[in-house]
Amino acid sequence: MKQRNTTSTLFAWLIAFVSIAPFAYVLTLSVLPAGKGLTFESYYNVFLGSPQYLLRFWKSLLICLAIIGGQLVVSILAAYGFAKCEFPGKNLLLFVLMILIVLPLQVTLAPNYIMLDGLGLLDTYAALILPSIFAPLGTFILTQSFKSVSEDIIDAAKLDGCGLFGLLFRIVLPMNTSGLVCVTLLSFLDGWNMVEQPIAYLKDFLRYPISVALAYVPPADPTLQLVCCVLVALPPLFLFTYFNRELVEGIVLAEIK
């Protein structure tokens, strides 16, 4: 047993090292460029010297916040219906939802393009936000999470005069904060790392979020590219470190139901 624990610990350290090594490498080279010694010039250029990188950063952040807000509204209402309401065709809709989850993004690019073109939304930020709001993963996770609320609790709240939305906002949501945090983080990561959608739906280079604009950083300055990589990595790194426990609990709860 002791040998098994030692092996598991060594394997965990190995995985941690392999995961951290690329980021540590980028961070080191960003402050120790070849032939210059320790310098923070590129950090000054990105964070203070030029507005173009930070402007794209904040635009990308606002796009992600809009996606998160819309997806939470849609996912919460749909998941509450799937988990706590009975209606004809519910199981069929859940089956279709699971099929949509496993479809690769590339399959939906062409239909979304045609729909957005018909609505006149191409080359606008709405073309990035609206399709992401209706992503099915958040609904699936919250449906599984909401099912964990005991029907006895629901019945007791109904006897106390709690209505449909009262049950949702006073009972179900407070008991499923881990699921909500999980959906929020995954939605943010999906929006923050989007690449195919901006290239397909946006024509104006100035509208590109930082996830795409990062590829257009001048290759003549590799240190500047590395600093931009650090800038892009900061929000996900902070969120996933701070909310790590809630993320794991939300995913586990979705798996066991």
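Reader: Why is Glu-86 called exposed?

Author: This is a predicted model, and in it Glu-86 has a relative accessible area of 71%. Exposed means over 50%, so Glu-86 is exposed.

Reader: What makes the contact of Lys-90 and Glu-86 a salt bridge?

Author: The distance from N to O is 3.2 Å. The rule asks for a side-chain nitrogen of Lys or Arg within 4 Å of a carboxyl oxygen of Asp or Glu, so the pair of Lys-90 and Glu-86 qualifies as a salt bridge. In general, side chains of opposite charge can pair when their charged atoms come close.

Reader: Is Lys-90 buried or exposed?

Author: Lys-90 has 11% relative accessibility. Buried means under 20%, so Lys-90 counts as buried.

Reader: How many salt bridges does the rule give?

Author: The count comes to two. One of them joins Lys-84 and Glu-151, whose closest N and O atoms are 3.1 Å apart. This pair links distant parts of the chain, with Lys-84 in helix 3 and Glu-151 in helix 8, 67 residues apart.

Reader: Why is Lys-84 called buried, and why is Glu-151 called partly exposed?

Author: The relative accessible area of Lys-84 is 19%; the limit for buried is under 20%, so Lys-84 is buried. Glu-151 has 43%, and partly exposed covers the values between buried and exposed, the latter being over 50%, so Glu-151 is partly exposed.

Reader: What makes Val-96 partly exposed?

Author: Val-96, which lies in helix 4, has 37% relative accessibility. Buried is under 20% and exposed is over 50%, so Val-96 counts as partly exposed.

Reader: Which residues form the nonpolar patch on the surface?

Author: Val-96 is one of them, and the others include Leu-92, Phe-95, Met-98 and Val-107. Together the patch residues have about 820 Å² of accessible area. Helix 4 gives the most to the patch, with seven residues.

Reader: What is the volume of the largest pocket, and which residues are closest to its centre?

Author: The volume is about 850 Å³. Of the 33 lining residues, Thr-108, Pro-131, Phe-134, Ala-135 and Pro-136 are the closest to the centre.

Reader: Which helix gives the most to the lining of the largest pocket, and what classes of residue are in that lining?

Author: Helix 5 gives the most, with seven residues. By class, the lining has 23 nonpolar, nine polar and one charged residues.

Notes:
Residues are numbered from 1 along each chain as its sequence is written. This is a predicted model: local features need pLDDT of at least 70, side-chain atom pairs count only at pLDDT 80 or more; totals for chains, interfaces and linings use all residues. Side-chain values use heavy atoms; hydrogens and water are left out. On a 1 Å grid over the protein atoms alone, a cavity is a set of points where a 1.4 Å probe fits but cannot get out, and a pocket is an open set with protein on both sides within 12 Å along at least five of seven lines; lining residues have an atom within 4 Å of a point. Grid points are joined across faces, edges and corners, and a volume is the space filled by probe spheres set on the points. Helices (H or I, at least four residues) and strands (E, at least two) are DSSP runs, numbered from the N terminus. Ala, Val, Leu, Ile, Met, Phe, Trp, Tyr, Cys and Pro count as nonpolar, Asp, Glu, Lys and Arg as charged, and the others, Gly among them, as polar. Patches are made of residues with over 30% relative accessible area and no salt bridge: like charges are joined within 9 Å, nonpolar side chains (Val, Leu, Ile, Met, Phe, Trp, Tyr) within 5 Å. Accessible areas come from the Shrake-Rupley method with a 1.4 Å probe; for residues, only the protein chains shown count as cover. Buried means under 20% relative accessible area, exposed over 50%, partly exposed in between (1.4 Å probe, protein chains only).
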